[in-house]
Amino acid sequence: MTAPVLLLTRPEAASRRFADECGGLGLRVVIAPLQRIEPVAHDPEVLAMAEGLVFTSPVAVPFAGAGRGRTAICVGAGTAAAAEAAGFAVQVSA
């Protein structure tokens, strides 16, 4: 009998982390990212002047600079944790 396949399509690093967590389940893991995270050119001064930001991924948080108590509306617990660690006043949205 062939082991069930776990197909992971998230970006490479996230897929590898999840695969490691599933290591003892006897699954055959296939990592095939459908996307990758690429930073885009932006004006950091514009972000620094913003009173608040919306984050949909923890990957974006470091590009926004220090939170300095500014509001961050975050999608998900991981994003909220990253924003809080950067000094944002976090509100979580589902």
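Is Arg16 buried, partly exposed or exposed? Arg16 is partly exposed, because its relative accessible area is 46%. Note that this is a predicted model. My points follow.

1. **Helix α1, the charged pair.** Glu12 and Arg16 join their side chains in a salt bridge, with 2.7 Å from N to O. Both residues sit in helix α1. They are four residues apart, about one turn of the helix. Glu12 counts as partly exposed because its relative accessibility is 38%. Arg16, at 46%, is partly exposed too.

2. Ser15 belongs to α1, which spans residues 12-21. Its relative accessibility is 1%, so Ser15 counts as buried. Leaving aside residues up to four places away in sequence, Ser15 touches Leu8, Thr9, Arg10 and Ile31. So much for α1.

3. **The other salt bridge.** The count of salt bridges comes to two. Besides Glu12 with Arg16, there is Glu38 with Arg36. Here the side chains meet at 2.7 Å, N to O. Arg36 is exposed, because its relative accessible area is 66% and the cut-off for exposed is over 50%. In general, side chains of opposite charge can pair when their charged atoms come close.

4. **The sheet.** Three strands form an open sheet in the order β3-β4-β5, and the pairing is parallel. β3 and β5 are the edge strands; each has a single partner strand, so one side of each lacks a neighbour in the sheet. On average, neighbouring strands are turned by 20 degrees against each other, direction ignored.

5. **β4 and β5.** These two strands run parallel and are joined by five bridges. For a place to look, take Ala72: it stands opposite Val90 in β5.

6. **α3 on the sheet.** Helix α3 packs on the sheet and touches β3, β4 and β5. The direction of α3 makes about 155 degrees with that of β4.

7. **The two sides of α3.** Which residues of α3 are buried? In this helix, residues 77-85, they are Thr79, Ala80 and Ala83. They cover an arc of only 100 degrees around the axis, which means that they lie on the same side of α3. Their cover includes β3 (52-55), β4 (71-75) and β5 (89-93). Ala77 and Ala85 are exposed, on the other side of α3.

8. **Just past α3.** Gly87 follows just after the helix. Gly87 takes a positive phi of about 95 degrees. Check this backbone angle when you step through the region.

9. **The aromatic pair.** How many aromatic pairs are there? The count comes to one. Phe55 and Phe88 form it, in an edge-to-face arrangement. The ring centres are 5.3 Å apart, and the planes make 80 degrees. The edge-to-face label applies because 80 degrees is over the cut-off of 60. The pair links distant parts of the chain, 33 residues apart. Phe55 is in strand β3, whereas Phe88 is in the loop between α3 and β5.

10. Phe55 has 4% relative accessibility, so Phe55 counts as buried. Phe88 has a relative accessible area of 5%, so Phe88 is buried as well.

Key
Residues are numbered from 1 along each chain as its sequence is written. This is a predicted model: local features need pLDDT of at least 70, side-chain atom pairs count only at pLDDT 80 or more; totals for chains, interfaces and linings use all residues. Side-chain values use heavy atoms; hydrogens and water are left out. Buried means under 20% relative accessible area, exposed over 50%, partly exposed in between (1.4 Å probe, protein chains only). Contact means heavy atoms within 4.5 Å. The arc is that of the directions from the helix axis to the C-beta atoms. Rings of Phe, Tyr and Trp (its six-membered ring) pair if their centres lie within 6.5 Å; planes under 30 degrees apart count as stacked, over 60 as edge-to-face and the rest as tilted. Two strands pair if DSSP finds at least two bridges between them. Axes are lines fitted to C-alpha atoms, for helices over the stretch in contact, and angles run from 0 to 180 degrees between N-to-C directions. A salt bridge is a side-chain nitrogen of Lys or Arg within 4 Å of a carboxyl oxygen of Asp or Glu.
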